[in-house]
2 protein chains.
Amino acid sequence: MVTIKDVAKHAGVALSTASYALSGSDKVSPKTRELVLQAAKELNYQKNGFAMDLKRKSTKTILLILSDLSGPYYSELIRGTQEVTLSNGFDLIACSSVGGADSTAYKFLQERRVDGAIVLDPNISEHLLRESAREGCPIVVMDRYVEGDFIMNVAADNVQGGYEATRYLMDQGHRDIAWIGGPSNSLGSQHRKEGYLKALQEEGIANTKWMLVGNFTEEGGYHSTKVLLMQEERPTAIFYGNDEMAIGGYKALREFGLSVPEDVSIVGFDDIQVAEYLSPPLTTVRQPKYEMGTMAAHLVFQAMGGEYVNKSYKLKIELIERLSCQPPRLAPNRGKGMET
Amino acid sequence: MVTIKDVAKHAGVALSTASYALSGSDKVSPKTRELVLQAAKELNYQKNGFAMDLKRKSTKTILLILSDLSGPYYSELIRGTQEVTLSNGFDLIACSSVGGADSTAYKFLQERRVDGAIVLDPNISEHLLRESAREGCPIVVMDRYVEGDFIMNVAADNVQGGYEATRYLMDQGHRDIAWIGGPSNSLGSQHRKEGYLKALQEEGIANTKWMLVGNFTEEGGYHSTKVLLMQEERPTAIFYGNDEMAIGGYKALREFGLSVPEDVSIVGFDDIQVAEYLSPPLTTVRQPKYEMGTMAAHLVFQAMGGEYVNKSYKLKIELIERLSCQPPRLAPNRGKGMET
DNA sequence: AAAACAAATCGAAACGTTTCGATAAATTTC
DNA sequence: GAAATTTATCGAAACGTTTCGATTTGTTTT
């Protein structure tokens with residue numbers, strides 16, 4: 001392993017001089033700089049980044065923690081954080097919490113391998129977050145709420161999103177609107193439901209019979225929808241906690257011989273990529289992912305710089321109107337049990 | 001910043017003893033171990049990972065380089081590498097080459113911050129790869145071919161894929177098959193085209209008039225398809241270099257009043273997530289992404305262990321039959337110019 | 001109770017950098 | 001051409017760990 005020491009020796013200068021030369025300091029004369037650079041090239045010298053970080057007491061990298069590195073969900077959000085990070089001269093690396101306490105996320109947070117983190121992952125414990133966040137490593141947590149020093153929160157305004165989606169359906173005349181939510185540990189899902197209930201209450205509707213939970217997967221949406229459809233009375237519209245579940249819903253409805261939007265209107269949440277390719281294209285609610293990403297990154301840098309920053313941010317959400325909704329039929333929908 | 005030194009002092013033991021205690025060595029008595037752990041907790045001690053790596057001369061992490069962290073393309077592949085990496089007790093971090101020579105990818109490779117790398121990115125120069133690959137850091141390059149010590153290659157057998165897709169169309173009776181390929185710097189696209197031509201040649205078809213290039217985007221596919229359709233004579237089938245372009249093709253065909261598969265059969269490449277949700281669902285060619293991922297990771301570990309490994313691997317590809325193809329009409333397709 | 005041995009603890013070197021303060025060399029000033 | 005000043009180079013300490021070999025402490029054996 002060739003180190004700076006070898007380079008120095010090979011160039012016939014002191015180790016410190018080699019260091020200056022390699023880092024482009026002007027303390028060194030042009031000709032020795034050349035000498036050192038030449039030596040480095042000949043020996044194929046590669047600096048050891050850790051040693052540098054150790055001495056410098058800074059890593060210039062920030063960590064993005066995702067619950068699943070391979071998820072398609074994050075695309076725009078990542079792009080946002082990446083752009084900001086890069087333009088601040090920092091590096092961005094991503095990892096996941098797969099593996100629990102042995103996961104890469106834990107290791108990198110606990111071992112102070114980064115100067116900041118953006119967490120988009122419900123699996124990282126609050127304890128770890130509070131333990132790891134410090135002056136030299138502010139943390140932004142997305143889509144959940146965690147209090148602590150050097151911890152900030154960024155989320156979409158899920159309550160508003162839930163409210164607007166429901167309102168949209170009600171404006172079309174729907175009154176029997178079902179909710180199929182995500183897992184109860186998802187704060188986002190809870191908030192969406194809250195918005196949903198708020199909208200219903202405004203019209204004096206107290207709906208309890210059409211509220212189910214899925215698990216944010218297509219499979220879960222499929223099953224919950226089936227359960228829903230087997231009930232005596234059917235809703236005229238279904239609002240899903242996310243798009244994946246809505247996809248499952250499409251499938252279940254098809255199996256029941258019901259068509260979207262003629263028989264049942266559907267609204268999803270997230271606006272994932274496939275949403276616009278479904279038939280019919282899915283009306284859904286879009287979170288401002290890109291903006292969330294840039295905002296998170298900016299917050300990290302501000303906190304690093306010691307600037308005062310608000311602890312918690314909520315970003316506005318937008319309804320994407322496609323073709324999965326229409327006004328309900330006049331007659332109420334009556335269930336007839338399973339048809340398959 | 002509290003270091004192990006502080007912990008040792010607080011516990012009233014030597015620094016080295018503290019180190020042993022913290023790393024769970026049995027050289028230390030149970031009661032002092034307890035003492036040290038207690039002190040560490042009280043001071044909220046967090047070990048400095050770099051210092052450790054520096055001393056240990058190993059990082060136990062491998063790097064996954066993607067051309068774009070936010071791309072949906074990699075999902076399965078990432079899952080594969082992640083599983084293998086984790087089960088070997090290593091960590092996986094991902095980064096992108098956005099930013100060129102200042103990118104995170106460059107920094108991490110050049111500064112020896114990892115013990116191995118998997119590269120899925122055409123933008124990383126061969127030079128950098130050869131420079132960075134070494135005994136302590138083997139590199140697996142995917143979907144391209146790079147020679148060098150400690151560099152291995154894993155790719156899907158694109159020639160075979162191109163061949164089978166074309167063969168499939170020909171077996172249905174198609175003879176006028178167009179090719180809309182990706183950018184010419186993509187080795188994969190070249191290979192697919194090679195397979196396509198091979199299949200055609202077997203039947204003695206020398207097709208030159210229906211070969212176009214897109215840029216692997218929906219937009220590119222859309223435009224190339226338009227160009228294709230404006231020609232005098234039209235093919236009965238189109239084979240796209242990837243699925244995104246096929247999506248653009250669907251759109252262009254619709255605008256020309258042509259329907260899939262009645263008027264034109266279509267085959268894509270990649271089997272991205274949306275493919276099955278298109279209407280009609282897209283017949284396409286699936287690369288064994290997951291297997292490619294696990295294989296890449298395994299190779300890295302084998303090379304680390306000093307085991308001899310073949311330099312280059314090709315994995316078989318699979319045709320996914322959906323509904324975008326059918327036998328051609330008897331009469332040849334005649335173009336009538338633009339209709340919009 | 002002294003000798004022999006094992007167990008627990010310690011001190012110090014090392015990993016590969018950066019950077020400060022000191023020295024040596026080159027340049028300017030009088 | 002000696003003194004003062006600038007410029008270039010150097011040596012050494014520091015960053016926070018791990019780990020080797022040495023020392024101390026405690027336990028067993030004779």
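1. A handy term to start with: a crossing of two helices is left-handed if the near helix is turned anticlockwise from the far one by less than a right angle. With that in mind, please note that what you have here is a predicted model, and that the crossing of H4(A) and H4(B) in it is left-handed.

2. Here is the geometry of that pair. Helix H4 of chain A and helix H4 of chain B, each covering residues 49-56, pack at an angle of about 140 degrees, and their axes are 9 Å apart. The two helices are therefore oblique to each other, since an angle has to be over 145 degrees to count as roughly antiparallel.

3. Which residues of H4(A) and H4(B) meet? From H4(A) come Phe50(A), Ala51(A), Asp53(A) and Leu54(A), and from H4(B) come Phe50(B), Ala51(B), Asp53(B) and Leu54(B). Sorted by class, this contact has 6 nonpolar and 2 charged residues, with no polar ones.

4. As a reminder, most residues other than glycine have a negative phi.

5. Now for the layout of chain A. The domain assignment gives domain 1 as 4-47, domain 2 as 58-156 + 289-315 and domain 3 as 158-286. Between the C-alpha centres of domain 1 and domain 2 of chain A the distance is 37 Å.

6. Over in chain B, helix H1 (residues 4-11) and helix H2 (residues 15-22) pack at an angle of about 100 degrees, with axes 8 Å apart. That makes H1(B) roughly perpendicular to H2(B). Ile4(B), Lys5(B) and Ala8(B) of H1(B) make the contact with Leu15(B), Ala18(B), Ser19(B) and Leu22(B) of H2(B). By class, the contact has 5 nonpolar, 1 polar and 1 charged residues.

7. One last thing to check by eye is the peptide bonds. Most peptide bonds are trans. A cis bond, however, joins Ser279(A) and Pro280(A), with omega about -5 degrees, and Pro280(A) has its place in the loop between strand S9 (265-267) and strand S10 (284-286) of chain A. In chain B, a cis peptide bond joins Ser279(B) and Pro280(B), with omega about -5 degrees.

Conventions:
Residues numbered from 1 in each chain as written. Chains lettered and ligands numbered in written order. Predicted model: local features only at pLDDT ≥ 70, side-chain atom pairs only at ≥ 80, totals over all residues. Heavy atoms only, no water. Axes fitted to C-alpha atoms, helices over the stretch in contact; angles between N-to-C directions. Helix = DSSP H or I, 4+ residues; strand = E, 2+ residues; numbered from the N terminus. Parallel < 35°, antiparallel > 145°, perpendicular 65-115°, else oblique. Contact = heavy atoms within 4.5 Å. Nonpolar A, V, L, I, M, F, W, Y, C, P; charged D, E, K, R; others polar. Domains from an automatic or database assignment.
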